[in-house]
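Please open the structure in a viewer and keep the selection panel at hand. The stops below are arranged so that each selection leads to the next.

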Amino acid sequence: MMTEKKKRGVAVLLACSVLVFLFPFFSIQVNADTGSDEEVVLRVCNWEEYIDLGDWDKEETIDLDSGDVIGESSIIKDFEEWYYETYGIRVKVEYSTFGTNEDLYNMLTLGDTYDLVCPSEYMIMKLMTEGRLLPLSKKFFDTQDESNYYINGVSPYIRSIFESNEIEGEKWGDYAAGYMWGITGIVYNPEEVSEEEASSWKVLNSPTHRRQITIKDNVRDSYFAAVGALKSELLTSEEFVNSPDYLERLEAEMNDTSPETIDRVQEYLQDVKDNCYSFETDSGKADMITGKVVANYQWSGDAVYTMDQADEDDFTLAFAVPEESTNIYFDGWVMLKDGIREDAAKQHAAEAFINFNSRADNAIRNMYYIGYTSVISGGEDGRILEYADWCYGAEEGEEEVTDYDLGYFFSEDGEEGKYVVTAPTEQAYRQLFAQYPTKEAISRSSIMVCFDEEQTKVINQMWINVRCYNIHDIPGWVWAFLGAVILAGAGGGIRRWKGSYRGWGQ
Amino acid sequence: MKKMKFSRKILGIPYAVFLLLFVAAPLFVLLYYAFTNGEGRFTTANLTGFFSDPNTLGTLFYSFGIAVVTTGVCLLLAYPAAYILATSKLKAKSVLMMLFIIPMWINFSLRITALKEILTWMEGNLACHPFLNTVIGMSYDFLPFMILPIYTTISRLDGALLEAARDLGAGEAQAFLKVTLPLSLPGIISGVSMVFLPAMTNYVVLDMLYNSTYIMGSLIGSYFAAYNWHGGSMIALILLAVICLFTLFTSGMEEENTRGGTLL
């Protein structure tokens, strides 16, 4: 029998478990109540570790000429305060994160609702074609409004890309505001791999570095690299590079999804699989720093991080951009129709969130925290260039210096000589190069478009074919061995069934 | 006593709700997706697709291979260890046993990370032996699950049976083969099923030890990443069927050999 005490314990336990089950319902109730009257709730979904979460040490202060930048509390909290101070309306940001573009897409399809998300360009295109996005408002592009930090601060170069790229007749720029951007390239150990080797996608399959190079574990990046390697000769030929419509041709070649190309890519990647160290999403950085591998396929932001970490161990790594082509990518903010609906207050908050993140000091905080490069060049605000100089500029009295021109990114007309970082010469192929690639490297960049449904299907199948063990590869001896085992098993079974064998124990 | 029964039933409710919400309901969702296509119509194309694609079949085979080899290695390592432990007259027996269990208290990905460093130090370049590394990693990870049940069955063996065997003229080896080994079968079977099943799907070990070939777990993941929930669900369902078959098979064998309990 139960004692009183025990019974009470059980009751408490039960009550607790019931509470745990009901908790989600309660919390939804509470949100709905406060949300409708006085407070705007903004549901933001961003990449993991892709925004400054604050809590910096005092020593981490970025002391620029125009003032200090430091992240004391998170951007999200700062935004809530700033929004109230600026517009007098309380906003509550519900911030969540996703791991990959595909995860985000699945989350959206399975019924999660967000107001503002930050996918990569091809996913933005996919969402655009599916009609899920809400265009940015006219007010957002009003350069007269000082609080419109995005339109006043975005790099002219990035803006022109967002204006000139269309999908189904609509400009990216009408729906998306850039956040971070970068290119793909090779981080390498200069003692083991020459710059020349690292400057071609063919390095991924180089027989001299067998099992010493990592490649990205996702189909799009691998596809791009494989196409680059396969078409290397064409892409680097004088005739091709000097052709008047070079950029269009380059983009067409890099986005080639003809059945023959897909077949060749599959074959190539199967070779790479047997030749590379690993297909990785995250471990490549650590393996590069610990010296397990000599080169790795990397996004520029992660390349900066890798080189920074290696520097702390007095281990020098470098970054190269393949001669064939490099994939220029963007992550951008887009608003979702089924999140915002017709709620003007919500849309205003969402656009303000983009603007707040585009303010030069906040862009710097984000860049410092996550290591990627913001699309913001600052416009009138000189702090972004100051930050690049603060990070990579040469110390006074340093001997080997180079003038690193960033005119293409910072100035309206690509004017040279005005936006220059004077940096140690080695930076021209290290962090600074990864953070802000040279105009020359950018000139061979190509966007990877969003494949349509049929292409996606074929390419995904290609990727599965690469990664799976094909049943036709099973060696003959395994089949023979299996046959023998099955025969033996059957033989044993029959013997047992006939009763000539009696088990033990009963 | 009636009251007691009543309160016991109530105690079961949270678990029943849990089962319903998080085990039964997802299973129905899985079933639904496995047998429908993109338009939501009934189809068996996913099923036939699985069995006509050399890659998915190859993956099933590869996972099976890893699981079989891992289970074999675990058994070979665990049986002698468990036997020696259970039959030794050492006073510190329980301490020795703890040594086998303590690694299980450490987070598994930490252990594999440590193993990675050790293997790199031993082999030089991990990527050259993906299959071997996977088997080592999995065996390392699952070994305690094999040792424990075998240890329990052997240590519970009735010593009188062995004495009887010796009285009847059996030598050491014969007594082991005809008495100890058959009587420890239940332990072996439960150990095998506890190692075999996770070894078929635990793709984290493969990822961490740089084996780029998919096994069942990663294959399902890749289908989902490609938005193909229907195909992915079907593979998950087939895996479930394989596991059910395996469990039925082993529990059938266990029934035949019921004698002595198993701990786990």
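Predicted model: local features only at pLDDT ≥ 70, side-chain atom pairs only at ≥ 80, totals over all residues.

Begin by selecting Asp55(A), which sits in the loop between β1 (39-47) and β2 of chain A; helices (H or I, at least four residues) and strands (E, at least two) are DSSP runs, numbered from the N terminus. The phi angle of Asp55(A) is near 65°, a positive value in a residue other than glycine. Asp55(A) is exposed, with 10 other C-beta atoms within 10 Å. A residue is called buried if 20 or more other C-beta atoms lie within 10 Å of its own, exposed if 12 or fewer, and partly exposed in between, with C-beta atoms placed from the backbone.

Residues are numbered from 1 along each chain as its sequence is written, and chains are lettered from A and ligands numbered from 1 in the order in which they are written.

**Chain A as a whole**

Select chain A. Its secondary structure comprises 24 helices and 18 strands, and its C-alpha trace spans about 95 × 80 × 50 Å along the principal axes. Of the 506 residues in chain A, 43% are buried. Among contacts in chain A with a separation of 6 or more, 74% involve residues 24 or more positions apart; two residues are in contact if their C-beta atoms, placed from the backbone, lie within 7 Å.

**The two domains of chain A**

Colour domain 1 (25-180 + 331-374) and domain 2 (181-329 + 383-467) of chain A separately; the bounds come from an automatic or database domain assignment. The centres of domain 1 and domain 2 of chain A, taken over C-alpha atoms, are separated by 27 Å. Where they meet, 23 residues of domain 1 of chain A are in contact with 23 residues of domain 2 of chain A. On the domain 1 side, β2 (62-64), α4 (121-129), α6 (156-164), β9 (176-188) and α18 (360-370) of chain A each supply at least two residues. By class, that side has twelve nonpolar, seven polar and four charged residues. Here Ala, Val, Leu, Ile, Met, Phe, Trp, Tyr, Cys and Pro count as nonpolar, Asp, Glu, Lys and Arg as charged, and the others, Gly among them, as polar.

**The largest nonpolar core**

Which residues touch the most other members of the largest nonpolar core? Select Tyr188(A), Leu204(A), Ala295(A) and Phe353(A), which hold that place among its 193 residues. Helix α6 (residues 130-155) of chain B gives the most to this core, with twelve residues. Domain 1 (25-180 + 331-374) and domain 2 (181-329 + 383-467) of chain A both contribute residues, so the core lies between them. A nonpolar core is a set of buried Ala, Val, Leu, Ile, Met, Phe, Trp, Tyr and Cys residues joined through C-beta atoms within 7 Å.

Move to Ala350(A), in helix α17 (residues 344-358) of chain A. Is Ala350(A) buried or exposed? Ala350(A) counts as buried, with 29 C-beta neighbours inside 10 Å. Leaving aside neighbours within four places in sequence, Ala350(A) is in contact with Leu42(A), Asp115(A), Leu116(A), Met335(A) and Ile340(A).

Next, select Val241(A) in helix α11 (residues 238-241) of chain A. Val241(A) is partly exposed, with 14 other C-beta atoms within 10 Å. Apart from residues up to four places away in sequence, Val241(A) touches Thr236(A) and Tyr246(A).

**Chain B**

Switch to chain B, whose secondary structure comes to twelve helices and zero strands. The C-alpha trace of chain B spans about 70 × 65 × 35 Å along its principal axes, and 35% of its 264 residues count as buried.

Display helix α3 (residues 54-87) and helix α9 (residues 185-201) of chain B, which pack at an angle of about 145° with their axes 8 Å apart. Axes are lines fitted to C-alpha atoms, for helices over the stretch in contact, and angles run from 0 to 180 degrees between N-to-C directions. Residues of α3(B) in this packing include Phe64(B), Ala67(B) and Leu75(B), and those of α9(B) include Ile188(B), Val192(B) and Phe196(B). By class, the contact of α3(B) with α9(B) has twelve nonpolar, four polar and no charged residues.

Finish at Tyr227(B), in the loop between α11 (216-225) and α12 (229-256) of chain B. Tyr227(B) has a positive phi of about 65° although it is not a glycine. With 18 C-beta neighbours inside 10 Å, Tyr227(B) counts as partly exposed.
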